[in-house]
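Open the model in a viewer that can select residues by number. The stops below say what to select and what is there.

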Amino acid sequence: MDGKSLDITQDKLEQLKAILPEAFSEGKVDWEKLRLALGEDVAIQDERYVLNWAGKGDAFRALQTPTTATLAPDKAESVNFEDTEHIFIEGENLEVLKILQKSYYGKVKMIYIDPPYNTGSDSFVYPDKFSESREEYLQRIQAKDDEGYVLKDGQFRQNSKDSGHYHSNWLSMMYPRLFLARNLLSEDGLIFINIDDNEVHNLTILMNEVFGEDNFIAKIVWEKRYTRNNDAKLMSSVIDYILLYRKSSSVDVIREARTEKANSIYSNPDNDERGDWTSVSYVSQRTKAQRPNLSYSIKNPYTGRLVTHPTNAWKYSKEQNEQHAKEKRLYWGAEGGHKYPRLKKFLSEQTDGMVMVNLWKYKETGTVDDGTKEVDSLLGKDVFDYPKPTSLIKRMIKIIKEDSPIILDFFAGSGTTAQAVLELNKEDGKTRKFICVQYPEETANKTEAKRVGYTDIAAISKDRIRKFIEHKKEENPMFAGQNQDLGFKVFKTKPSNFKLWRGDGIENEEALAQQLTLLEDPTRPGVSEEDMLFELLLKAGYPLTAQVVKREIGESHYFLVDGELVLALSALDQDIVADILSVKPQQVICLDALFGEDDPLKTNTQLQLKDAGIVFSSI
């Protein structure tokens, strides 16, 4: 309220900063980064404060390149598929994040990831050459032989420290994933990222670029173990870091859930009718010179003496002090013997939780040894190395106060996040939902995981979730009867179920004729109706847990999604159209092939739906 009219320029800058925080550096627009964000090729040359690396332009293009891929349900690997709202997605996480953009944009309350630490032995996907075709790329890195047969997974590559682009490769892997993850976060969402000394410095700068420096909250130090490694040559690390960022300034207060240890300092030695309390100092750290308005005399009711501090001010104003005295909140000791008053804080009033600290000790948060024991108890010894403990993830999740938030982990690993969500829901009765993403990275030869039959990391993660659910049911049969969501839907990435029309590369009549055949039937051979259902549901912007009702009309049927969207994928006649009109959806999508050569049916359907104010699309 400075008396001036709206600063239009500053308002526009704030809007741009909210949309493209990566285009700002030190509070000002970085024009080259803005052009990069908008898809232009830019050579970054000026000397200024900026995080730059070999391949950054390719990383921009990686996130800007759209995907036509989709997710297909796998009910055989799921648990309670029809009723659960938990989701496990098997696939490469960059592609999955792109697939989820329409359906989950701004809907995720919290993201936790434990990405590769870039220790020199990690394997991960990072952008490579973008001038070549996918087939050329796969063959160049020997994913396919000269005859086109797949030799190995060509996306996962070990990022050795011998590489001249060692840090650059890691940054190119992280950047597009973080950018897309930010899109999925709600405006009041939080993201936690585990990391160690190898890349914490680069990750902090990268997060400042993607989320904006103003949205940095903390670099939390987690005491991951409490004993030193005597085999270490230079230093034994007993800590990891957790970077915490918010999506926007909508998050202005964060409180942790109260613990038994925190509550143990409260008692009621004077039988105060308001219950247990503790006391805090009334003396400010500020001097009288710094806070002259907070310097005044306070009367000790026991001695009648007026008290002032010789050097410091009080924490509270004179008016607040008078209110505290009236409410009998000033504590002068059992017999009034304290030199200065203390302020009573009642446990019953501490409903918002505790202020967070950036040191998470092992006794309160758990260790990697605890995580290992949890996995060993479910899957057997030595199946997965260094999993995070559920107590660590639960501490993060408890900060979210909503009853039914979506928690996303796109480096799911052994599935710790999924187990943490299920455990917390059991403890407090809330209905949190997890979305976990894990690539089916092949387990290494001669490992215990391979020996006992786990062919890839995704298989380990899924089996851990299944066995945790089974264990809880066996441990307590009532667990299943407490209205708990004890299941998860499994989805796997796959190419689109629909053939793609290409207008480029048509060099002759034969190529044109081949493309024209795509118009006859847009679906790929062997595609199931259910696969098409989930692809269209996602691409229409509906979540994977949307309510889908199969409405049967005679011997035919169609699907009604959340009472708003109709998908007709196997049949369409006048009776079905009449029923669709009766349920009054907002939109109808159908396969054009369902009309066959019945042009009058198609025309009448379009007109009837248009008259009813229903959006109609055919594929």
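This is a predicted model: local features need pLDDT of at least 70, side-chain atom pairs count only at pLDDT 80 or more; totals for chains, interfaces and linings use all residues.

Residues are numbered from 1 along each chain as its sequence is written, and side-chain values use heavy atoms, with hydrogens and water left out.

**Stop 1: two helices**

Select residues 93–104, helix α4, and residues 166–184, helix α6. Helices (H or I, at least four residues) and strands (E, at least two) are DSSP runs, numbered from the N terminus. The axes of α4 and α6 lie 9 Å apart, and the packing angle is about 20°. Axes are lines fitted to C-alpha atoms, for helices over the stretch in contact, and angles run from 0 to 180 degrees between N-to-C directions. α4 is therefore roughly parallel to α6; that label covers angles under 35 degrees, with over 145 counted as roughly antiparallel, 65 to 115 as roughly perpendicular and the rest as oblique. The crossing of α4 past α6 is left-handed, meaning that the near helix is turned anticlockwise from the far one by less than a right angle (clockwise would be right-handed).

**Stop 2: strand β23 and two partners**

Now select β23, residues 489–494, with β3, residues 70–73. These strands are antiparallel and share 4 bridges; two strands pair if DSSP finds at least two bridges between them. T70 has K494 in β23 as its bridge partner.

**Stop 3: a sheet of three strands**

The next sheet is open and antiparallel, with its 3 strands in the order β12-β18-β17. β12 (277–281) and β17 (330–331) each have a single partner strand, so one side of each has no neighbour in the sheet. Select β18, residues 342–346, to see the 5 bridges that join it to β12. W277 is opposite F346 in β18.

**Stop 4: a sheet of five strands**

Another open sheet has 5 strands in the order β24-β25-β26-β27-β28, with mixed pairing. At its edges are β24 (548–553) and β28 (615–618), each with one side left without a neighbour because each has a single partner strand. From one strand to the next the twist averages 20°. Select β27, residues 587–590: 4 bridges pair this strand with β28 in the parallel sense. Q587 is opposite V615 in β28.

**Stop 5: the largest cavity**

A cavity is a set of points, on a 1 Å grid over the protein atoms alone, where a 1.4 Å probe fits but cannot get out; lining residues have an atom within 4 Å of a point. How many cavities of 30 Å³ or more are there? The count is 3, and the largest has a volume of about 110 Å³. Select K33, Y49, I205, N208 and E209, which lie nearest its centre among 11 lining residues. Helix α7 (200–211) and strand β1 (24–25) each supply at least two residues of this lining, and α7 gives the largest share, 3 residues.

Terms used: On a 1 Å grid over the protein atoms alone, a cavity is a set of points where a 1.4 Å probe fits but cannot get out, and a pocket is an open set with protein on both sides within 12 Å along at least five of seven lines; lining residues have an atom within 4 Å of a point. Grid points are joined across faces, edges and corners, and a volume is the space filled by probe spheres set on the points.
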